Amino acid sequence: YQRRVHGVGTGGTITGVSRFWKKVKNEPLISVAVEPIHSPVLTQTRNGEPLKPGPHKIQGIGAGFVPNTLDLSVVDEIATVHQDDAIATALRLIEEEGIMCGISCGAAMHVALQLAKEDRFAGKIIVVVLPDAAERYLSSALFQNEVFKQLEEASAANPAPVRHQ
């Protein structure tokens with residue numbers, strides 16, 4: 001089995017990848033969609049509940065509606081993530097792995113890390129799609145933390161020398 005975790009923005013990546021592996025390659029795949037716990041419209045749709053979108057800080061996913069490009073029939077599971085966990089995981093990826101990613105990437109990675117702890121995924125490879133970069137989030141909650149404030153202060157105290165040619 002392939003295992004893939006995707007945040008759902010337009011739904012295009014998770015739908016295309018899932019259809020390809022399941023219908024074209026005819027290979028088993030466990031496809032997991034990720035959405036904000038504060039705006040779980042995919043979960044609500046799948047459960048036949050009225051949609052109750054809500055505000056959250058995970059830009060790029062959880063727009064409050066089910067995108068027309070998303071085919072939930074090829075999605076095996078939907079996982080929700082708290083915005084604080086998404087931000088913390090994005091910061092971990094930046095600080096520990098040097099991957100300059102955004103909050104939605106943190107959401108997808110957080111879910112993948114949680115799935116990796118489950119017995120059914122023991123010893124398995126989980127592929128996580130990280131589709132965005134941190135520069136989109138410079139004015140967001142991702143960079144409103146102590147690590148980046150300390151870096152800013154250190155940079156201001158010790159500006160890089162200017163080279164003249």
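So, reading from the N terminus, the elements of the protein chain go β-α-β-α-β-α-α-β-α. That comes to five helices and four strands. Keep in mind that this is a predicted model.

Some overall figures. Of the 165 residues in the protein chain, 41% are buried. The chain exposes about 9,600 Å², and 52% of that comes from carbon and sulfur atoms. If you take contacts between residues at least 6 apart in sequence, 70% of them join residues at least 24 apart.

Now, helix H1, residues 12–24. Which of its residues are buried? They are Ile14, Thr15, Ser18 and Trp21. Looking down the axis of H1, these buried residues fall within an arc of 150 degrees, so they line one face of the helix.

Next, the helix pair. H3, residues 83–97, packs on H4, residues 103–116, at an angle of about 95 degrees, and the axes are 7 Å apart. H3 and H4 are therefore roughly perpendicular to each other. On the H3 side the contact includes Ile87, Ala90 and Leu93, and on the H4 side it includes Ile103, Met109 and Leu113. The contact residues split into nine nonpolar, three polar and two charged. Among them are Asp85 and Arg92 from H3.

That's my tour, happy to take questions.

Methods: Residues are numbered from 1 along each chain as its sequence is written. This is a predicted model: local features need pLDDT of at least 70, side-chain atom pairs count only at pLDDT 80 or more; totals for chains, interfaces and linings use all residues. Side-chain values use heavy atoms; hydrogens and water are left out. Axes are lines fitted to C-alpha atoms, for helices over the stretch in contact, and angles run from 0 to 180 degrees between N-to-C directions. Helices (H or I, at least four residues) and strands (E, at least two) are DSSP runs, numbered from the N terminus. Angles under 35 degrees count as roughly parallel, over 145 as roughly antiparallel, 65 to 115 as roughly perpendicular and the rest as oblique. Contact means heavy atoms within 4.5 Å. Ala, Val, Leu, Ile, Met, Phe, Trp, Tyr, Cys and Pro count as nonpolar, Asp, Glu, Lys and Arg as charged, and the others, Gly among them, as polar. Buried means under 20% relative accessible area, exposed over 50%, partly exposed in between (1.4 Å probe, protein chains only). Accessible areas come from the Shrake-Rupley method with a 1.4 Å probe; for residues, only the protein chains shown count as cover. The arc is that of the directions from the helix axis to the C-beta atoms.
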